[in-house]
Amino acid sequence: TRSQSLLRVASRVGRMGAWAVDLDGCRVTWSEELLAILDLPPDHSPDLEYGLNIYLPAYRPVVRDVFD
């Protein structure tokens, strides 16, 4: 859709990526831009632990608490 296209453009221009977690299925979804920012291939599917480890060590406990 048009709004998804605009969001992709804004993400690229702003160098902002995103990831989401489906807690029921424990599936992690990464945006194309986040994969590019982390220099990962577009078909890469990092897991939750990888996602938590991209945060600075000082913030990891705070983010991890969200999932516990």
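Biologist: Are W19 and W30 buried or exposed?

Modeller: The model is predicted: local features need pLDDT of at least 70, side-chain atom pairs count only at pLDDT 80 or more, and totals for chains, interfaces and linings use all residues. Residues are numbered from 1 along each chain as its sequence is written, and side-chain values use heavy atoms, with hydrogens and water left out. The classes rest on relative accessible area: under 20% is buried, over 50% exposed, and in between partly exposed (1.4 Å probe, protein chains only). On that scale, W19 and W30 are each buried.

Biologist: In what order do the elements of the protein chain run from the N terminus?

Modeller: Helices (H or I, at least four residues) and strands (E, at least two) are DSSP runs, numbered from the N terminus. The protein chain holds four helices and two strands. Their order is α-β-β-α-α-α.

Biologist: In which sense do β1 and β2 pair?

Modeller: Two strands count as paired if DSSP finds at least two bridges between them. β1 and β2 form a hairpin with four residues between them, and C26 in the turn has a positive phi of about 55°. A20 has T29 in β2 as its bridge partner. Over four bridges, the sense of the pairing is antiparallel.

Biologist: How many aromatic pairs are there?

Modeller: Rings of Phe, Tyr and Trp (its six-membered ring) pair if their centres lie within 6.5 Å; planes under 30 degrees apart are stacked, those over 60 edge-to-face, and the rest tilted. By this rule the count is three.

Biologist: Why is the pair of W19 and W30 stacked?

Modeller: W19 lies in strand β1 (residues 19-22) and W30 in strand β2 (residues 27-30), so the pair ties together parts 11 residues apart in sequence. The ring centres are 5.6 Å apart, and the pair is stacked because the planes meet at 20°.

Biologist: What is the angle between the planes of W19 and Y55?

Modeller: This pair links distant parts of the chain, with W19 in strand β1 and Y55 in the loop between α3 and α4, 36 residues apart. Y55 is partly exposed, at 31% relative accessibility, and W19, W30, Y50 and Y55 form one aromatic cluster. The W19 and Y55 rings are 6.5 Å apart centre to centre and tilted, with an angle of 50°.

Biologist: What accessible area do Y50, I54, Y55, L56 and Y59 have together?

Modeller: Patches consist of residues with over 30% relative accessible area and no salt bridge, like charges being joined within 9 Å and nonpolar side chains (Val, Leu, Ile, Met, Phe, Trp, Tyr) within 5 Å. Areas come from the Shrake-Rupley method with a 1.4 Å probe; for residues, only the protein chains shown count as cover. These five residues form a nonpolar surface patch of about 490 Å².

Biologist: Which residue forms a salt bridge with D22?

Modeller: A salt bridge is a side-chain nitrogen of Lys or Arg within 4 Å of a carboxyl oxygen of Asp or Glu. D22 is partly exposed at 27% relative accessibility. With the closest N and O atoms 2.7 Å apart, the partner of D22 is R27.

Biologist: How far apart are the closest N and O atoms of R64 and E49?

Modeller: R64 and E49 form a salt bridge; R64 lies in helix α4 and E49 in helix α3, so the pair ties together parts 15 residues apart in sequence. R64 is partly exposed at 28%, and E49 is also partly exposed, at 39%. The closest N and O atoms are separated by 3.1 Å.
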